Amino acid sequence: MLFRSILRKASVGQAYACILVPDESGGNSVANADERTILAAFAIKAITHELPVKAGILKPESEQHLRRAGVEDIVLHGEFTGYLLSASSGGSGLPDAARELFSAGSPSRMRCSPFPSALVGKSFAEASEWYLRARKSVLVGVLSKEKPVTLDDILSNDSGAIDAFIKRKFEEAAIDISEGLAHGARARLAPDPSYVIEQRDLAFLVGGDA
């Protein structure tokens with residue numbers, strides 16, 4: 001109950017978005033930082049399941065638990081460092097291209113935005129042509145919404161120590177997560193040209209007009 005009370009005092013229900021970073025403060029163990037992130041994500045989604053939540057993690061095995069909690073974006077610490085360093089040794093220019101795609105001030109940065117209603121029901125190929133013509137943007141992919149997960153999907157009885165930890169903490173805090181949870185999401189880069197744009201899909205765009 002105390003944990004939920006703290007989140008409510010922080011006005012999580014009125015937030016536009018939430019970003020969770022690994023908690024290493026106050027003597028907290030780095031080894032258990034991801035468990036605290038996962039617990040926080042479940043608690044936030046229990047209070048306001050429509051709030052977009054982004055999270056940073058230290059261990060790759062933590063991603064599956066955050067996905068099941070409905071966390072939209074997950075970044076693994078150092079996930080791309082080795083790849084970018086190895087790519088740079090061949091003079092491929094990939095590190096510079098990545099910097100252009102992900103730098104906030106870059107005119108060629110990648111962004112995500114809703115599709116215009118006129119493109120819903122159109123194919124990816126048709127949508128690509130429209131963005132090039134109307135927005136001078138390159139459509140590189142789609143963020144598609146998946147079916148919502150259920151409580152049984154999220155916390156099963158035999159899925160490991162992290163689920164057991166989460167169940168125990170939620171029982172101690174008297175938090176109910178049986179209300180609906182947000183839809184999951186799947187990034188589809190360069191999907192089949194015949195892929196049909198759906199109502200809840202978002203567009204991954206590079207360059208052009210906002």
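I'll start with Glu72, which at 15% relative accessibility counts as buried. Buried here means under 20% relative accessible area, exposed means over 50%, and partly exposed is in between, computed with a 1.4 Å probe on protein chains only.

Before going on, the sources. This is a predicted model, in which local features need pLDDT of at least 70 and side-chain atom pairs count only at pLDDT 80 or more, while totals for chains, interfaces and linings use all residues. Residues are numbered from 1 along each chain as its sequence is written, and side-chain values use heavy atoms, with hydrogens and water left out.

Back to Glu72. What does Glu72 form with Lys45? The two make a salt bridge, with their closest N and O atoms 3.2 Å apart. Glu72 sits in the loop between α3 (63–69) and β3 (73–76) and Lys45 sits in helix α2, so the pair ties together parts that are 27 residues apart in sequence. The criterion for a salt bridge is a side-chain nitrogen of Lys or Arg within 4 Å of a carboxyl oxygen of Asp or Glu. Helices (H or I, at least four residues) and strands (E, at least two) are DSSP runs, numbered from the N terminus. Lys45 is buried too, at 1% relative accessibility.

A search of the whole structure gives 5 salt bridges. Another of them joins the side chains of Arg36 and Asp23, at 3.8 Å from N to O. Arg36 belongs to helix α2 and Asp23 to the loop between β1 (18–20) and α2, so this pair ties together parts that are 13 residues apart in sequence. Arg36 is partly exposed, with a relative accessible area of 23%, and Asp23 counts as partly exposed at 26%.

A further salt bridge is between the side chains of Asp73 and Lys54, 3.2 Å from N to O. That pair links distant parts of the chain, with Asp73 in strand β3 and Lys54 in strand β2 (residues 53–57), 19 residues apart. Asp73 is partly exposed at 39% relative accessibility, and Lys54 is partly exposed at 26%.

Next, helix α2 itself. Of its 15 residues, 14 are buried, so α2 is largely enclosed by the rest of the structure. On geometry, 15 residues at 1.5 Å a residue should span 21 Å, and the end C-alpha atoms of α2 are 22 Å apart, which agrees. The expected span is 1.5 Å times one less than the number of residues.

Asp34 is found in α2, which covers residues 33–47. A polar atom of the Asp34 side chain does lie 3.0 Å from the backbone nitrogen of Leu58. Leaving aside neighbours within four places in sequence, Asp34 is in contact (heavy atoms within 4.5 Å) with Ile57, Leu58, Lys59 and Ser62.

Now the aromatics. Rings of Phe, Tyr and Trp (its six-membered ring) pair if their centres lie within 6.5 Å; planes under 30 degrees apart count as stacked, over 60 as edge-to-face and the rest as tilted. By this rule there are 2 aromatic pairs. Phe115 and Tyr131 form an edge-to-face pair, 6.1 Å centre to centre with 65° between the planes. This pair links distant parts of the chain: Phe115 is in the loop between β4 (110–114) and α6 (124–135), and Tyr131 is in helix α6, 16 residues apart. The rings of Trp130 and Tyr131 have their centres 5.0 Å apart and their planes at 85°, so that pair is edge-to-face. Phe115, Trp130 and Tyr131 form one aromatic cluster. Tyr131 is buried at 0% relative accessible area, whereas Trp130 is partly exposed at 21%.

One more site: Gly141, in strand β5 (residues 138–148). Gly141 is buried, at 0% relative accessibility. Not counting residues up to four places away in sequence, Gly141 touches several residues, including Phe124, Arg188, Leu202 and Phe204.

Finally, the totals. The protein has 8 helices and 7 strands, and buried residues make up 37% of its 210 residues. Among contacts between residues at least 6 apart in sequence, 70% join residues at least 24 apart.

Notes. Polar contact = N/O pair within 3.5 Å; in protein donor to acceptor, adjacent residues only side chain to side chain.
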